[in-house]
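The following exercises are to be worked through with the sequence and the coordinates at hand. Each opens with a task and continues with a solution in steps.

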Amino acid sequence: MFVANDQRGNQLNVAEKKWTIERLRKLKANSTFICPQCQNELDLKIGSIISAHFAHKKHSDCPSNKGGPESQYHMRGKLELYDWLQIDENVTHVELEPFITDIKQRPDLLIKDHQQTLAIEYQCSPIDLNILQKRSGMYKKANIPFLWILGGKLLKRTGERSFKLSQFQWRFTSKMEDGSLMIYAYCSKIKAFIILRTIIPFSSQVVFANQSVISKQTISFTQLIRQQSCSINFYENWFHKVRAFRLKPFPFTTKQANTLNQFLYQTKHASLLYLPSHAFLPLKYNYLIESPVYVWQGWVMTFIDEVPLNSTFSFHYIYERTKKKVKERLLSVRVLPQLNVHYSKVIYEYLEKLSELSFITKVEYQIYEKHQTTNWLTNIDELLNRDEELMKELKQG
Ligand SMILES: [Zn+2]
């Protein structure tokens with residue numbers, strides 16, 4: 001940390017440019033440093049690889065230390081963000097590590113001017129979900145909007161456009177105006193923001209996203225938080241994943257996948273690997289369901305399959321059938337405090353997309369007609385061809 005109080009209660013910010021090594025040494029010799037949060041004494045570290053900073057003595061149980069002591073990566077990034085915020089002419093006042101007495105929180109940065117108050121937390125190590133939730137709860141209670149920025153090095157890439165998000169990282173997602181999800185990350189090694197937009201999960205942890213890497217020199221804070229939502233640009237990568245799924249069968253170790261697999265085997269003499277292409281649709285709201293896309297869309301496929309040909313069915317009917325699977329724990333809903341959207345939204349989005357793709361016909365609001373029987377193909381080459389066709393259709397949008 002860069003901000004502490006001295007023995008007289010004066011605030012010291014050693015990240016300020018006025019501090020030369022000489023002055024810091026003098027300060028260290030003549031002062032005692034106190035943590036504003038826990039009131040314990042701090043050490044002033046000078047001359048390390050990164051800028052001068054304060055550190056708790058060993059075995060501190062200061063709340064600011066939860067999640068481990070600050071890493072150099074974190075401190076450096078925080079400092080860079082602080083400097084970067086100060087050059088944005090739209091940000092008139094920014095504080096580094098201010099202690100907000102009412103809620104006993106100490107965000108890394110706080111923007112506080114006549115236009116806005118915004119707490120920024122830059123998180124570079126996984127922290128306990130309860131602490132995270134408590135922290136965001138405090139900000140909400142105090143009516144202070146907050147922005148989480150993830151340490152860029154925490155982003156785990158699994159492919160060109162895919163990432164593995166841990167439960168902890170899912171908490172860092174935020175909803176854009178159009179309902180899609182995004183994550184802000186900053187990496188002090190490349191001095192750039194990494195922004196993931198339109199995050200769509202394939203399975204509970206593997207997600208696809210539109211990624212932008214933007215050097216901090218080329219973007220202002222105001223521009224950063226005005227990021228627009230964008231349409232999916234990873235259809236090819238997504239269907240590459242579908243192909244890998246079909247070709248490299250792995251044992252379905254989850255009860256949810258196994259149950260559907262068995263059901264398909266008994267009723268269709270097919271396995272999960274032979275689900276129709278339309279059971280792998282990347283949808284904006286896919287994140288509302290935690291189960292893999294092919295599991296929940298696969299079940300919906302079986303519900304539609306049971307509808308007699310040329311008959312109509314409603315969204316409500318499909319939703320109720322899905323709800324039952326959720327109750328039986330054969331599907332899991334994703335619970336994220338920041339979302340506030342019910343998973344029925346993605347069921348509706350799915351049916352609308354299926355009708356857009358002429359898989360079913362929309363008759364009126366939330367009413368659809370089944371005009372074709374589902375082909376349960378067991379020829380993998382033919383399935384892969386259909387996937388390819390569907391991918392092209394989606395790409396043309
Ligand atoms: Zn402390």
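## Exercise 1: An annotated span

Task: for residues 70-228, find how far apart the end C-alpha atoms lie and what share of the span is helix and strand.

Solution. In this predicted model, the end C-alpha atoms of residues 70-228 lie 32 Å apart, and the span is 23% helix and 34% strand. The range itself comes from an unreviewed UniProt entry, which lists residues 70-228 as "domain: Competence protein CoiA nuclease-like".

## Exercise 2: The zinc site

Task: identify the protein donors of the zinc ion, and determine the geometry of the site from the angles among its donor atoms.

Solution. Begin with the donor atoms, which are SG of Cys 35, SG of Cys 38, NE2 of His 56 and SG of Cys 62, lying 2.0 to 2.3 Å from the zinc ion. Next, take the angles among the 4 donor atoms, which are 105 to 120 degrees. Four donors count as tetrahedral if all angles lie between 85 and 135 degrees, and the site of the zinc ion is accordingly tetrahedral. For reference, the ideal angle for four tetrahedral donors is 109.5 degrees.

Then consider the sequence, in which the donor residues are spaced C-x2-C-x17-H-x5-C. Cys 38 lies in the loop between strand 3 (33-34) and strand 4 (41-45), while His 56 belongs to strand 5 (residues 53-56), so this pair ties together parts that are 18 residues apart in sequence. Finally, turn to accessibility: Cys 38 and His 56 are both buried, and Cys 35 counts as buried because its relative accessibility is 0%.

## Exercise 3: A glutamate in a strand

Task: decide whether Glu 121 is buried or exposed, and find the length of the polar contact that joins its side chain to that of Tyr 139.

Solution. Glu 121 is located in strand 8 (residues 117-123). Buried means under 20% relative accessible area, so Glu 121, at 4% relative accessibility, counts as buried. The side chains of Glu 121 and Tyr 139 are joined by a polar contact of 2.8 Å.

Note on methods. Residues numbered from 1 in each chain as written. Predicted model: local features only at pLDDT ≥ 70, side-chain atom pairs only at ≥ 80, totals over all residues. Heavy atoms only, no water. Donors = N, O, S within 2.8 Å, 3.2 Å for Na, K, Ca; no water. Tetrahedral: all angles 85-135°; square planar, octahedral: opposite > 155°, others 65-115°. Helix = DSSP H or I, 4+ residues; strand = E, 2+ residues; numbered from the N terminus. Buried < 20%, exposed > 50% of the residue type's maximum accessible area, 1.4 Å probe, protein only. UniProt positions renumbered as here; feature names shortened; annotations may be inferred. Polar contact = N/O pair within 3.5 Å; in protein donor to acceptor, adjacent residues only side chain to side chain.
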